[in-house]
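Here are some exercises to work through with the model open beside you. Try each task before you read its solution.

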Amino acid sequence: MKIVDGLTLSAEHRALLKPGEMLALAGPEIHQLPRFFYEIESWQHAKETQLTAHFTLSELITVDCREADLLLHRFPHYVPCAVTVLARYLEDFRERVDAPVCVAVNGGYRSPAHRLSGRPSPHLWATAANIYRIGDTWLDSQKAIERYARIAESLGPDVYVRPYGPEPGETDDHLHFDLGYLLCTRRGYSEAQ
Amino acid sequence: MMDETTLHEQIEKLRADSGAGAASVHVHDYESERTFAHGSDRWFHAASTMKVAVLLALFHAAQTGRLRLEDRLHVRNRFRSIVDQSIYRVQRDRDADAAVHRRIGRSMKLVELAEPMITRSSNLATNLLLEYLTPAWVQSTLASAGIEGARVVRGVEDTVAFDRGLNNTITAAGLVDIFRLVREDRLLPEVARRQAFEILAAQEFNSMIPSLLPDGAQVAHKTGEISTCTHDAGLVLLPGRRPYVVAILTEHPPGLENTQKTVARISRLVYEFITA
C-alpha cells in the first residue's frame with residue numbers, strides 16, 4: 001500500500017483529516033492525530049487488501065453516511081498506518097476466541113470529521129474496533145460483552161476494552177477494543193514538518 | 001345511492017356497533033375535487049401512520065441535497081429517549097419485520113430502509129431513519145408543505161416518552177394532506193413521488209382499506225395499529241377515474257376485536273360514496 005504524508009494532501013483533505021494536529025480529549029489528555037496514511041485507490045482495493053489471515057482492510061474502514069462527504073464518496077481514501085497494528089491484534093483475538101470476529105460499520109477507522117467523532121476516541125487513530133458479533137454470539141448483553149472483554153484483555157496491557165454500561169465511555173451493544181493513541185511512522189518517512 | 005349525509009350516518013353506526021370510541025374519516029377525491037370530512041380534525045396517536053411523514057421527509061432531504069438515497073446507514077438497535085436520553089431498543093419480537101434486525105452491525109442504503117419501514121412497518125428501520133433525519137427535519141418538511149395535522153416528535157417504542165404522554169399524533173385531515181404530497185407537485189419532483197408511491201403501493205398489510213374494494217383497485221397506503229388505535233390511509237386508484245385519498249382513524253378500548261374489519265367496512269362505504 002502506498003503511504004502518504006497527510007501534510008502533503010489537498011487543503012480539503014487536511015481540513016477533514018487534521019494530520020498531525022493536537023486534539024484535546026475529555027479531561028486533561030491531549031493527543032496528536034495521525035499524520036501518515038495508507039492511500040486506498042478504490043473500494044475494490046480495500047476489499048482485496050488482506051491485512052491478516054482473517055481481516056481485510058475494508059472491514060476496518062467501513063463507515064456510513066455520517067462520514068464527511070469527500071471522505072465517503074471520493075477515492076482515494078486515507079487510513080492511518082496504525083490500522084495494520086490493529087489488524088494484528090484482532091487476528092490474535094480471533095485466534096483466542098476461535099470464531100469469526102465481526103467489526104461494526106463505523107466501528108473501525110473513522111475520520112475526525114465523522115459525525116460520531118464529536119467525542120474523540122482511538123477510532124480516529126485506526127486503533128479501535130467495535131465488535132458486534134463473535135461467531136454466533138451477539139455482543140448485546142453484559143454477560144457476552146464481559147466474557148469476551150476478559151479474553152481481549154488477556155492479550156496484554158496494550159489492549160483496552162470499555163466496561164459494560166450505557167454511559168459515555170461504556171458500551172452495551174458491542175465490545176470496544178482499542179490500543180490507545182498509537183502513531184505509526186514507517187521507515188523512510190520523516191516526522192520533520 | 002350514497003350521499004354525504006348517509007355516509008356520515010353509516011360511519012357513525014359502524015363506529016357505535018364496533019365498540020370503537022372514535023372514528024375519523026377524511027377523503028379527497030381527485031375526480032370530483034370533492035372533500036368529505038367526518039370528525040377529521042380530531043387528534044389521534046399516529047401509530048405507524050407517521051412513517052409516511054418520515055418517508056416523504058427522506059425524499060425531501062434527498063431532493064434538497066442533504067443526503068443521497070443510495071447512501072448507507074449503520075444498522076444499530078440503540079436509541080435515546082427524547083425525555084431523558086435513556087437508551088431504548090426496538091423489541092425484535094414486537095417488530096413486524098425481522099429483515100432489518102438481521103442487518104444489525106452492518107449497513108443498509110437509506111432507500112433500502114424506507115421500503116421495510118412502509119411495506120412491513122419496520123420499527124427498527126423507522127427509528128434509524130428518524131434518528132438520522134431528526135424529528136425536527138420531518139416536522140419542518142411537513143411545515144414547508146403547509147401540513148398542520150401531523151406532529152412527529154419521537155421514535156417508535158420510546159416508552160419513557162409514551163409514559164409522559166409525548167406521542168406522534170395525527171388527524172385524518174393531516175394524513176390525507178400528507179398522502180396528497182405523493183400525488184401533487186408541491187414538495188417532491190415527479191421521480192421522487194413515483195418512487196414514494198411505488199413503496200406505498202407495495203404495502204404488505206392489506207386487511208383494511210383494500211380488503212373490501214373491487215379487484216381492480218390499487219391502494220398505496222400505510223396502516224397503523226397500537227392497542228387502542230387502528231388506522232389506515234392511502235391513495236386509492238380505480239380503473240377509469242382519477243384516484244381518491246382516504247384516511248380512516250379509529251380509537252377503541254384495548255383488546256377490542258375486529259377493529260381492522262371496522263376500518264375495512266368504512267373504506268367500503270367511502271368507495272360506494274365516491275363511485276355513486
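**Exercise 1. Find which element gives the largest share of the lining of the second largest pocket.**

Solution. A pocket here is found on a 1 Å grid over the protein atoms alone, as an open set of points with protein on both sides within 12 Å along at least five of seven lines, and lining residues have an atom within 4 Å of a point. Strands are DSSP runs of E with at least two residues, helices are runs of H or I with at least four, and both are numbered from the N terminus.

Next, look at the elements that each supply at least two lining residues: α2 (50–63), α6 (159–163) and β10 (218–226) of chain B. The pocket holds about 650 Å³ of space, where a volume is the space filled by probe spheres set on the points, joined across faces, edges and corners. It has 28 lining residues, and B:Arg94, B:Asn123, B:Val156, B:Glu225 and B:Ile226 are the closest to its centre.

Last, sort the lining by class: eight nonpolar, 13 polar and seven charged. Ala, Val, Leu, Ile, Met, Phe, Trp, Tyr, Cys and Pro count as nonpolar, Asp, Glu, Lys and Arg as charged, and the others, Gly among them, as polar.

A word on the ground rules: this is a predicted model, where local features need pLDDT of at least 70, side-chain atom pairs count only at pLDDT 80 or more, and totals for chains, interfaces and linings use all residues. Residues are numbered from 1 along each chain as its sequence is written, chains are lettered from A and ligands numbered from 1 in the order written, and side-chain values use heavy atoms, with hydrogens and water left out.

**Exercise 2. Describe the largest pocket by its volume and its lining.**

Solution. First, the volume is about 1,300 Å³. Then count the lining: 49 residues, with A:Leu116, B:Arg76, B:Arg78, B:Arg80 and B:Glu131 nearest the centre. Two or more residues each come from β7 (128–134) of chain A and from β5 (79–80) and α4 (123–133) of chain B. Of these, α4(B) gives the most, with four residues. By class you get 17 nonpolar, 17 polar and 15 charged.

**Exercise 3. Work out which residues line the two cavities.**

Solution. The search of the whole structure turns up two cavities of 30 Å³ or more; a cavity is a set of points where a 1.4 Å probe fits but cannot get out. The largest cavity has about 130 Å³ of space. Its lining is A:Leu17, A:Ile61, A:Val63, A:Glu67, A:Leu71, A:His77, A:Tyr78, A:Val79, A:Tyr109 and A:Ser111. Strand β5 (residues 77–80) of chain A gives the most, three residues. The classes come out as seven nonpolar, two polar and one charged.

Now the second largest cavity, at about 30 Å³. B:Ser18, B:Ala20, B:Thr250, B:His252, B:Leu256, B:Thr259 and B:Thr262 line it, which splits into two nonpolar, five polar and no charged.

**Exercise 4. Decide how α1(B) and α9(B) run relative to each other.**

Solution. Take the axes (lines fitted to C-alpha atoms over the stretch in contact, with angles from 0 to 180 degrees between N-to-C directions). Those of α1 (residues 4–18) and α9 (residues 259–275) of chain B come within 10 Å and cross at roughly 170 degrees. The two helices are therefore roughly antiparallel, a label for angles over 145 degrees.

Then list the contact, meaning heavy atoms within 4.5 Å. From α1(B) come B:Glu4, B:Leu7, B:Gln10, B:Ile11, B:Leu14 and B:Ser18, and from α9(B) come B:Thr262, B:Arg265, B:Ile266, B:Leu269, B:Val270 and B:Phe273. That makes seven nonpolar, three polar and two charged residues.

Key: Parallel < 35°, antiparallel > 145°, perpendicular 65-115°, else oblique.
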